[in-house]
Amino acid sequence: MRQKIYQIDAFTNRTFGGNPAAVCILNSWLSPELMQKIAQENNLAETAFAVKKDEQYEIRWFTPEVEVDLCGHATLATAFVLFHFYEFDENTIQFYSPRSGNLSVDKADNGWLTLDFPTDHLIAIQNVDELDTAIGQSPIKTLKGKTDYLMVYRSQKEIEALEPNHHLLAQLDVRGVIVTAPGDEVDFVSRFFAPACGVPEDPVTGSAHTSLVPYWTEVLQKTKMTAKQLSKRGGDLVCEYLGDRVKISGKAVLYLTGEIDI
């Protein structure tokens, strides 16, 4: 069987920027074991698989190591593929995830795509010694969301200088660790580390912004914000807080199309 595959750079307007994701639009679901093997072979932060069901698309996401509950950049990439290569005439694509419920992506005339995701709920906790050691610098505040830790620092310079111990981070019982601070030219900046999922540092993490947006909304007292993820590839996002939902916008570009034999 031959399966069409696309690789998209998400949350960027240029090739080799943002976060690369592989996308497979399937006629019917493959086994989880086979989807995991495809993701492992692709060796990207995420491979997304989608199947059309009635008026929406069911979607699942795999890192090279595990299936995850939610992925922003791969959902953005999947929407880009459907809008550009599958004659999708509407301006909104409805997705359904068995693990995260209803999601959607809107397309604007200027090329921006907007994710509509559920807002994460954060709890402030005491600093975690093992976490501070793994990251290499204690934050001014630590919070815990559904799947990740959120560590807050004073400046963008501190975020840029972090050199975490990925081996120690992989021992923590969470999906990943978000580090954040006020931005020099945007409202806030971040980085995201998820070595336990096979992703030492994710280039741009849409799902992390379901945690970041409610936090910075409260701190900055504004609901619309600009954000930048400070990985080597870099990523630019525009975010909006809507209470129990978060809108996360970015652009995407095609890197390759191909076929895989499975």
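Strands here are DSSP runs of type E, at least two residues long, and they are numbered from the N terminus. Asp109 lies in the loop that joins strand 7 (101–107) to strand 8 (113–118). The model is a predicted one.

Stay with Asp109 for a moment. Is Asp109 buried or exposed? Exposed means a relative accessible area over 50%. Asp109 has 85%, so Asp109 counts as exposed. Now look across to Ser28. Asp109 and Ser28 are 81 residues apart along the chain. Their C-alpha atoms are separated by 31 Å.

Step back to the whole protein. How many helices and strands does the protein have? There are six helices and 18 strands. The radius of gyration is 18 Å, close to the 18 Å that the globule rule gives for 262 residues, so the protein is as compact as a globular protein of that length. Along its principal axes, the C-alpha trace spans about 50 × 40 × 30 Å.

Buried residues make up 56% of the 262 residues. Contacts tell us about the fold as well. Take the contacts between residues at least 6 apart in sequence. Of these, 62% join residues at least 24 apart.

Phe11 sits in the loop between strand 1 (2–10) and strand 2 (19–26). Phe11 is not a glycine, yet its phi is positive, at about 60 degrees. Asp54 is in the loop between strand 3 (46–53) and strand 4 (56–62). Asp54 also is not a glycine, and its phi is positive, at about 60 degrees. Which of them is buried and which is exposed? Buried means under 20% relative accessible area. Phe11 has 1%, so Phe11 is buried. Asp54 has 63%, so Asp54 is exposed.

Move on to helix 6, which covers residues 209–220. His209 lies in this helix. The relative accessible area of His209 is 0%, so His209 is buried. What does His209 touch, once its neighbours within four places in sequence are left aside? Its contacts include Phe188, Ser190, Ala227, Gln229, Leu237 and Cys239. Val246 and Ile248 are also among them.

Thr210 is found in helix 6 too. Its relative accessibility is 5%, so Thr210 counts as buried. The side chain of Thr210 reaches the backbone oxygen of Ser207 at 2.6 Å. Again leave aside the neighbours within four places in sequence. Thr210 is then in contact with Leu70, Phe117, Pro118, Thr119 and Asp120, along with Val246 and Ile248. Val246 and Ile248 are contacts of His209, and they are contacts of Thr210.

Now turn to empty space. Rolling a probe the size of a water molecule over the atoms shows where such space is left. The largest pocket has a volume of about 250 Å³. It is lined by 15 residues, and the closest to its centre are Leu70, Asp120, Lys146, Thr147 and Thr210. So Thr210 is buried at 5% relative accessibility, and Thr210 is also one of the residues closest to the centre of this pocket. Leu70 and Asp120 touch Thr210 as well. What is the lining made of, by class? It has two nonpolar, seven polar and six charged residues.

The second largest pocket has a volume of about 220 Å³. Its lining includes Glu160, Glu163, Arg191, Glu201, Lys232 and Arg233. Leu162, Pro203, Leu230 and Ser231 line it too. By class, three of the lining residues are nonpolar, one is polar and six are charged.

How many cavities of 30 Å³ or more does a search of the whole structure find? The search finds one. The largest cavity has a volume of about 120 Å³. Its lining is made up of 17 residues, and Glu46, Arg175, Phe192, Asp202 and Thr205 lie nearest its centre. Helix 2 (72–85), strand 13 (188–194) and strand 14 (199–202) are the elements that give two or more residues to this lining. Sorted by class, the lining has eight nonpolar, six polar and three charged residues.

Conventions:
Residues numbered from 1 in each chain as written. Predicted model: local features only at pLDDT ≥ 70, side-chain atom pairs only at ≥ 80, totals over all residues. Heavy atoms only, no water. 1 Å grid on protein atoms, 1.4 Å probe; cavity = no way out; pocket = protein on both sides within 12 Å on 5 of 7 lines; lining within 4 Å. Points joined across faces, edges and corners; volume = space filled by probe spheres on them. Nonpolar A, V, L, I, M, F, W, Y, C, P; charged D, E, K, R; others polar. Helix = DSSP H or I, 4+ residues; strand = E, 2+ residues; numbered from the N terminus. Buried < 20%, exposed > 50% of the residue type's maximum accessible area, 1.4 Å probe, protein only. Polar contact = N/O pair within 3.5 Å; in protein donor to acceptor, adjacent residues only side chain to side chain. Contact = heavy atoms within 4.5 Å. Rg over C-alpha atoms; globule rule 2.2 N^0.38 Å.
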